[in-house]
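Biologist: Please take a close look at the ligand site and tell me what surrounds the ligand there. I would like one connected account, with the cut-offs stated as you go.

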Amino acid sequence: MATPSGKRILLGISAGIAAYKSAHLARLLKKAGHEVRVVMTDGAQAFITPLTLQALTGEAVRTSLLDPEAEAGMGHIELARWAELILIAPATADLMARLVHGHADDLLTTLCLASQAEKVMAPAMNQAMWRHPATTRNARQLEADGWQLLGPAAGDQACGDVGPGRMLEPEAIVDALFMAPLFKAPDAAPAEARPAQGLTVTITAGPTREPLDPVRYLSNHSSGKMGYALAEAAAALGATVHLISGPVTLATPNSVRRINVSSATEMAEAAHRLAGQSDVFIGCAAVADYRAANVSEHKIKKTTESDELTLTLVKNPDIIAEVARHRSGATRPFVVGFAAETRDLEAYAQDKLARKGLDMIVANDVSQAGLGFGSDSNAALVLWPASSEPHSPLGRRALPAQTKATLATAILDCVLERLEHSDTASSPIATTQNPKASSQDPQ
Ligand code: PMT
């Protein structure tokens, strides 16, 4: 099965201050496993050098239409055919206008005309330029011509203005690209609809690492196996899957987009970014509750004066509780937490379900040999609020010990059943306090 990575992306850079972010964008695309070739306009080179992009992509950067040496390698028509996706970031107002009129007076505009590739741009310009009726018209025309426009975002601008016109952050561009048709696995639209088809599921997995100094960190025993099994099962059920992964040694499941993070703070940032575009959010990661108040710049040395070392820790953000609190209408996902307990499994899980404002919790006893952390099998007790009435009994399903792969499918079955009880599958249950649950009485 094809994976969403490994595409041939032509990154076009035009003359905006946001061009400096294109270097990070190129890096993210490469890191995600894509082949990236860069084309820069003349003006772009005033903001960032071709050499920077060449070093990041490992490919010569093309800057000129009339370059005999470059044309002797891969000619511009070949380059246009090579690309599966043309991504222009930043796209200036001038470039947009020239594309609307079909100009072909430099390499980038020529490639855009000559290529059958999917086309995406991230506009970036001064807020007044973006608001100008000419740019509005051009943006509409480009969309009509098949371009997908990502952003721009609003906020502080390099010129001192505030308003719409900032280029989307590279991470947000990469997230959005993953939703483009090109990035769907070829078998993602089988004749028969699969149960999770059309849903976007974000899953956290693995441990977090909280650095103490350049060589040490606090972490835990999570291997990532449970979260990766969920990601694989969700993709097999037809969902678009984002997997936010702490450091683990597992291979990325097919058709799953993996976002590598290390600390809880990094995981929280990725979770907040993706939660708004997800229908379901599952927190399977073993997130460190605390991190060092101060990370030592140099290795902490052993001293002769004392046999003790005192570390001051501060609380990490409670990622899943924050995602569950995010209540902007339909953008709030259905939120599923895990509870790793060594005693009083059900009582602690009930407490976490209510305290973190979750729609469902998967409780697992991590004190049992052969289950939980690191093993290939697990057992779980799934709990959810069965009615919107306060203090109403909980829905409950006990899932006996089995492989993490089969357990993952059973957990997702519970989630899909709950989603079916909400108004629409794409706009899942609104809040834990007000689940649109009806028939699932406690079992
Ligand atoms: O990775 P494996 O080796 O396969 O092991 C699987 C597992 C045991 C790690 C997994 O099944 C599991 O139980 N994951 C949750 C572990 C955990 O941190 O549980 P908790 O009870 O401490 O946290 C409760 C919930 O809050 C979890 O959804 C957790 O992701 C979330 N959390 C916790 C702390 C924090 N700062 N932010 C969070 O989002």
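Modeller: **The ligand site**

The ligand takes up the space of the largest pocket, where a pocket is defined, on a 1 Å grid over the protein atoms alone, as an open set of points with protein on both sides within 12 Å along at least five of seven lines, and a molecule sits in a pocket if more than half of its atoms lie within 2 Å of the grid points. This is a predicted model, in which local features need pLDDT of at least 70 and side-chain atom pairs count only at pLDDT 80 or more, while totals for chains, interfaces and linings use all residues. Residues are numbered from 1 along each chain as its sequence is written, and side-chain values use heavy atoms, with hydrogens and water left out.

Around the ligand there are 29 residues, the closest being Ser222, Ser223, Gly283, Lys352 and Asn364; a residue belongs here if one of its heavy atoms lies within 4 Å of the ligand. By class, this shell has 14 nonpolar, 9 polar and 6 charged residues, with Ala, Val, Leu, Ile, Met, Phe, Trp, Tyr, Cys and Pro counted as nonpolar, Asp, Glu, Lys and Arg as charged, and the others, Gly among them, as polar.

Turning to polar contacts (pairs of N or O atoms within 3.5 Å), Lys352 places a polar side-chain atom 2.5 Å from an oxygen atom of the ligand. The backbone also takes part: an N or O atom of the Met226 backbone lies 2.8 Å from a ligand oxygen, and a backbone N or O atom of Lys225 lies 3.3 Å from an oxygen atom of the ligand. Taken alone, the ligand exposes 770 Å², of which the protein buries 95%, these accessible areas coming from the Shrake-Rupley method with a 1.4 Å probe.

As for secondary structure, the elements that give two or more residues to the shell are α10 (225–236), α12 (319–325) and β16 (334–341), where helices (H or I, at least four residues) and strands (E, at least two) are DSSP runs numbered from the N terminus. Of the elements, β16 gives the most to the shell around the ligand, with 4 residues.

Terms used. A polar contact is a pair of N or O atoms within 3.5 Å; within protein, one must be able to donate a hydrogen and the other to accept it, and residues adjacent in sequence count only if both atoms are side-chain atoms. On a 1 Å grid over the protein atoms alone, a cavity is a set of points where a 1.4 Å probe fits but cannot get out, and a pocket is an open set with protein on both sides within 12 Å along at least five of seven lines; lining residues have an atom within 4 Å of a point.
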